[in-house]
Each structure stands twice: as structure tokens, then as C-alpha cells.
Amino acid sequence: MRKVSLLDVAPIAPADARGGPGAGVGRDWHAVPTDHALLDLQSATTGLSEREAEARLGRYGPNRIPEPQGPGPLRRFLQQFQNVLIYVLLAAAAAAALMQHVKDALVILAVILVNAVAGFIQEGRAERALAGIRHMIDPHASVLRDGLRVTIPADQVVPGDIVVLEAGDRIPADLRLIRASNLCIEEAALTGEAVAVEKGVEPVSADAVLGDRTSMAFCGTLVATGSAQALVVATGASTELGRISGLVAQVKRLPTPLVRQMDHFARQLTLVVAALAAVTFVVAYWLRDYSAVDSFMIIVGLAVAMIPEGLPAVMTIALSIGVTRMAARKAVIRQMPAVETLGSVSVICSDKTGTLTRNEMTVTSIVLSTGVAKFDGGGYAPVGDVTIDGSEPAASARVMLARSAMAASLCNDARIELEGDRWIPHGDPMEAALIALAGKIGAQSLEPLPSASRLAEIPFDSRHRYMATLNDVEGEARTIFVKGAPERLLALCTRQLGSGMDEGPLDRGYWVKAVDDLAHGGHRVLALAAKAANVDTTALSLSDLEDGLVLLAVVGIIDPPREEARAAVLECRQAGIAVKMITGDHAATAVSIARQLGLGEDPKVVSGAELAKLSDVDLVRVAQETVVFARTSPSDKLRLVQALQSLGHVVAMTGDGVNDAPALKQADVGVAMGRKGTEAAKAAAQMVLVDDNFASIVAAVREGRTVYDNLKKVVAMVLPTNGGETGALLVALVFGFTLPITPIQVLWVNMVTGVALELTLAFERTEPGAMQRPPRPRTEPLLTGQIWWQVFYVSAIFVAGTTGVFFWALGQGGSLEHARTVVVNTLVVMQVFYLFSARYIHGASITWQGLLGTPAVLIGVAAVVLGQLALTYLPWFNSAFGTQPLTLGEGAVVVGVSAVSANETD
């Protein structure tokens, strides 16, 4: 058999269109044996030469995953103007400037600029809040070069390099293992599996899913225990991590429901403005004999009156208020419309590990030969109660538990440390859970653990599937402790620990059932055993375990649900929001967690392998019916989100791993975990939960519904004002009398009511029953039939009121400027009264609470009063806006007419 050196393996091409490790080389590296048919020992010892490595670096490029370039500051600022209504206002400002009405043009431009600056500042704050490390690749890697082990920058690793791995290392590229000792790798960020995966050099099936490729180590994952040497088979964009990054780049983010609705509304309003402007010019110029300049200014006034130029700014500020409220709940909103979109979410697709669960392994059960001990307390804290059948353990059970705790803590290479207020694991998470278990037993004073020293050990290996240690235990003979796979230890044990310290024959059927029950409950299962050793024994071999082992216990370990997640899921379901679990973990574990979270007594589960076989049509049906999706790949998650969206659902996707990033970007709202989430997940999401608290999602949905309700209130306030102004101008034009209000006065009304009145509605609190209403349909317009009727009705009342006071003021012998001052004040005061009848959508507004208003409402009304006093009585405002002071009697008429009008609008 011909030996092939590493240099012969050199032509490893970057990934093809499908991506993945080894793509482009015509083979699946996880399925290729690592014997002499692939590598000879000399090549594996020396690694690449520096010269060859440099050549390959030039051929394949640096080991970096390309980062998408976001828009620069200038482009982000210009994007704030991408709105049809803004374009019309810019045209109106240009027309006013051309006709020497510079003051009108400047006021219009000032309004537009305020909106743009508000949006630009908020987006910048969100990006700065997420600024941090953007790489999953550790900055350095240990490789063999010219026969020597050297440390190089990770971006200098090339295909064909031999990488040396040790516990704690971040894997710099996709690797095919060629040597491995007790190697376990944490792949949760890539596959979603909570437990570190055992790795070895043996090939696996060529069609194995990503989580089952045990002969591979993937870029960005972390070595939990052991050591290894491995061949680099893919770097940069050709790695699995790079493939997911490319998948994310291909996903086109959907516009939010609010953005779609506002775009539709803007296009409709623009068409109406254009048609009405054309008709108005014809009537004014040819039928009413206005000059061309005056006709154009009427059109400008009409455009300014019809277009709610303050609405984009008010909506931006309303969304910003929602962003601020969510920030107080430890949630960072990256794009402001995502706040409102949360309010229309109908399906939450949640990752399991680290999102619904704690991503912390915890021992919940120990099966003894005499019964089952239950442990409470989460995470790695060595604190929690121990019960058997709901009661404190008897003395005999305490002895058995203490012996199991000794085995769990001594046959163990992990440790836990208190850092701040959290217990942090170091080493394999399952071993750390066993250390916490021993601490719980000791904390309950069940039995103090004697001191012991380790004399020898047999490391865990996938071939024998257990770990053994020889310990010199204080006060007793030297003892061998063993922990490992239950089926393996059951084959080695002949006896079991009984009541107290008595030993009896092994009841194999009892233990097999116990293991099956724990496994079906979603637990990872380990068995603990012990054997007395001779006093002069100093070494340990596999043959020492072939007889005499006594089975102590079987331990059930699980990544438990978050304590607050069950209540959050229940609240989602009460709000008509379906919750689906999409995870890379095993089906049994996922179903067990789903039951504990209240997702169903017997939730339907579908695996990723089954999903891959489904057509797009069948996938839509399965996505609707299924609650749990297990062992899923990144592309599976992406397809599921797309399938749910095709049914009209507004989908929120939560996750923390690189494997979640494509689906996070595709979802209407992507929600990433901030504490344990990867940077790839955060970059793809619209919202980041700083505290990783699933319950914050429910709070976000509630906030989203509040924001949407408040936006509807703002629209219901804005449009009647514009309708009243437009109607007053059209009535004057049609009947041939002087305009009752000038364009610059229209802008004043729009600005003072928009900033001081309409904006106050953005601060309204959540209305009662917000989370008992079903989600609104994706296609529901912002302006429903009820709101349109309200707008037309209130606008008609505003037209009647303003036209009436205009002729009344002229009839009193006042000047045109004096009459227009009465109209401006009437229009604004009518808005003040109307504000109190529009504060609630889903309840009565004319209540004591409604009349009192929020502090923002009262402050807004006070600001409007001061503004109108300045407009009416200060000389500078009189000159700028063409107004004149009013008498006390005229002020009383303004208030009286406004109060009567408000009574009609209630």
C-alpha cells in the first residue's frame, strides 16, 4: 500500500457551492480512515514546511471568515430620507424656494431633518451597544511546522497543516482528527447540542449529520477535555462556520409589517396628493384667476396640509421610546421597527439550548438499588435539597449517596469555582455537574466526604467508554472508582451496593429499566461503580476492572428548563402565539424539555433527517403541525422559518449559536442571546437579550403591542389635523374666498401638535388585556375601516369649526391676519380636546383616568398652551407667522367652539 504524505494531500480546494468540510476534494473527510493510506507517520510528525505553508497561504488566502460590510455613516443617514412622503415634501420645499418663499422652504426642510437625525442617532446607539469581539476564531493556533510545534496567528493556518489541540483551545479551522486522547469538544454554538461531544479518529458514515461527525473538529468550537492532533481540511469561508456565514449573507431580510404598511400608505397618499394638486392648480389658475405663483403656493400649502410631515418623526420617536423601554429590560433593539413587529408575532421558533434551557448540566436524579433520590437547585451551584419519595433520605440511603458522591467527585477531572455570584464550570460540563452533586450531598450533611488522593487513572476513551481512578481514601483501603456509559458498566459489574454498605447480586433488569426511564426523560445517563484495591496497588490497567466491580448508582443529568421559561410559554399561548422548539439536540431530550415547558403532553417531534426528505409543500404542513424539531441543521431551521412565513405567520426566531444565524436573519424578528450568544447570532438578529432571559421575549411582545397601539393613536390624531387643514383650503378654493390659513401657519400647527400633542401618545401605558388579544394578521392595514371613518368624521368637524370661526372673526370687523390667528388657535385647541378622546383604542377614553392623562400628556398640553400664547402675543412670532393678538373674548370663543367640537368627536 502506497504511503501518502501531507504534501500529497496539498490540493485541498475551497468549498464548492454546497460548502462543507472537504468539499471540492471529492471526498467526505469524516468518512476517510486515518491509516497509512492517507498519512504516513513521518508526515504527521513533521507537519508542513514553512515554504509550503507560505505557498498555500497565497493559494487559499488567510483563514478568515468574511464579514459583511454594513453601510457607512453617510449612507445610514441618507437612508433616513428613503420615504415617499419625504420625497414629496422635498419637492414642495424646492418649489417654495424657487418661488422665493424661502421661509416656507426652510421650515419644511427643518421638519425633514429632525426626522432623519432621530433615526440616525438611534441606529448608531444600537450598533455601539453591540460593539465587541466579532470573531469566533481564536487569535492563535498551535501547529507543526518543519517538525517543530509553533504558535501562529489563526488566520495563518492553511489546508494540510497539523494542528495540536489541548483542553481550552478554540479550534481554528475544520479538522480531520488523526490522533485523539480523551477528546471532547463543545459544539453547542454550531450544532445546538448542550453536552460536549466525544471525538475519535474512527471514520463515520459519509452521510452523517453535522452533530454525528465524531472524527471531525469544526472551526469555532471549543476543546472541553483531552488532546489531539488533526489535519486541516478547510479554512475560512470553506469551513462549516464559513458556510453558515455564506448562508446568512444570502438571506434577504423581509421588511417589517409596519414598514410595509407605511410604504403602502405613503404611496396611496402621494397619488391622492398628486391628483388633488393637479385639480387644484386647474381650478385656481383657470377658474379662479389666481396667478401662477399664487396657484403654485396653494398647491404647496395643500401638499403641506395633506402630508403628515411630522408623522415619520413621531413614529421614529415612538419606536425609540419602545427601544428605551426594552433596554431597561436588558434587551438591545438593533432596528427600531423590530419593536413594533414583535407585537404582531404569531409564532416563536425557539432554540432549546441556552434559550429555553440554562445551558448548564444539572444532576436531577440518582437511582440507587433501594430507590430514586431527587435533587433540586439549578446550574453548577453545590446547593440544593435531596429527597427520596418526597422525604429526607434515611440513614442507610445517606451512606449510599455519600459513596456515590465520592465516586462522582474523585473519578473526575473538572472543577467548579465561585466567580462573583455564579458558579462557573471548568472542564467537561457533565463532570462539573457531578462535582456540584457531591457538593449538594455534603451541604445537606448527609455524610462528610473523606479526603483522598489519586494514585493512577485510566482516561476516558470512546473504545472502552469509561474513566477509572485509583484513589487512596482516608480511613479505608485503596479504592478504584469508575464512571461511564451505563451499558458498559453493567457488563463489567456483578454486584450492587445495597442498603447501607451491604453488597448483593446485580439486578440487571432493575438497572436496565432505570437507565431507559432516565433516557426517555431526556437525561444523559452515567453509571458509577467502585472496587476495593490491594493496599500496595500503585498502577491501574483495563484488566483490573474485569471482575469485582460493584455498581453504586445510575445518575441522570439534564440541561434543565429556565425557571421563568414555563410561565413565559404559557403567557405566549394565552396571547395566541404558538411556540415551537427547533434544536440540534436529540429528540428524546427535546421532547422531555418540551413537556416540562408546557408545550404539550405528547408533543409531535420531527428530526432534521426527516425534514431533509420533505418537499417544500409537505414542509409547510409539517411546520404548522409539529411542536418539536430535533437534530436540525442551520438550513433546516431556515426552511422552517420560511415555511411558517409562507402561511402568513409573523415569525420570531430565538437562538444563540452560529447554527441559528441564517434563521435569525430570515425571521421577521431575530432574537439573539447576549450573554451566551455568539457574535454571528447577534449580528444576524434584530434584538439581543443581554440577560439571555426567555421571559424577556414575552415582555418584548407586550411592548410591541403597546407600541403598535400607540402608533395607531398617533395616526388617528395626525390625520384629522391634516384633513381639517386640507378641507379648509379646498372649501375656500371651491367657494372662492380667501384662504383661512397660510402654508407656514399649517406647518406651525403640524409641528406644535405633532411634537407637543401627538408625540405624547407614544408614552401611553399598555392597555389592559393586551396579552389576551390574538396577534393581528400580517395583512392587517395600519388604517382600518374604523380609523378611516374616524378620520373623515373628525376632519369634517374640524373643517366646520375652523371655517365657522374664520367668517365669525371677519364679521367682527377684524383683519384677515386677525381672522387667521383665530383659525390657527381654534385648530390647535380642537386638537387638545380631541387628544383626550383618542387615548384608548380598546376601552373608554372619557374616564377619570383618561382625563387625568399620563404626565407626558399633561406636559404636552402645557407646552401647546405656551406655544400658542407665544404665536399669538409675541411680536417676533406675529411677524414670522402673520398673526395678531386676540382679546379675552375671542379666546373664550376659541375654547368654546373647540369644546363643542370635542363633544361631537367623542
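Predicted model: local features only at pLDDT ≥ 70, side-chain atom pairs only at ≥ 80, totals over all residues.
**First stop: a patch on the surface**

Begin by selecting Tyr87, Leu90, Val102, Leu106 and Leu109, which together form a nonpolar patch on the surface with about 440 Å² of accessible area. If you then colour helix H4 (84-98) and helix H5 (102-129), you will have marked the elements that give two or more residues to the nonpolar patch. The greatest contribution is that of H5, which supplies three residues.

**Second stop: helix H17**

Next, select residues 565-574, which make up helix H17, and within that helix highlight the buried residues Ala565, Ala568, Val569 and Cys572. These residues lie on the same side of H17, because the arc they cover around the axis is only 100°. An α-helix has 3.6 residues a turn, so residues three or four places apart point the same way. To see what the buried residues of H17 pack against, show strand E9 (347-350), helix H12 (352-356), strand E22 (578-582), helix H18 (587-597) and helix H24 (695-735). Before moving on, look at Gly576, which follows H17 and has a positive phi, near 80°.

Now turn to the largest nonpolar core, which has 70 residues, and select Met581, Leu599 and Met687, the members that touch the most other members. The largest share of this core comes from H24, which gives nine residues. Apart from this core lies another one, of 47 residues, and selecting Trp748, Val832, Tyr834 and Phe881 will show you some of the residues in it. In soluble globular proteins, nonpolar side chains tend to be buried together.

Returning to Met581, which residues is it in contact with, leaving aside its neighbours within four places in sequence? The contacts of Met581 include Ser350, Lys352 and Leu356, as well as Ala590, Ile593, Ala594, Leu597 and Leu599, and they also take in Val627, Val628 and Phe629.

**Last stop: Glu625**

Finally, select Glu625, which is placed in helix H20 (residues 616-625). Glu625 counts as partly exposed because its relative accessibility is 43%.

Technical notes:
Residues numbered from 1 in each chain as written. Heavy atoms only, no water. Patch = residues over 30% accessible without salt bridge, like charges linked within 9 Å, V, L, I, M, F, W, Y side chains within 5 Å. Areas by Shrake-Rupley, 256 points an atom, 1.4 Å probe, with all protein chains shown as cover. Salt bridge = Lys/Arg side-chain N within 4 Å of Asp/Glu carboxyl O. Helix = DSSP H or I, 4+ residues; strand = E, 2+ residues; numbered from the N terminus. Buried < 20%, exposed > 50% of the residue type's maximum accessible area, 1.4 Å probe, protein only. Arc of directions from axis to C-beta. Contact = heavy atoms within 4.5 Å. Core = buried A, V, L, I, M, F, W, Y, C linked by side-chain atoms within 4.5 Å.
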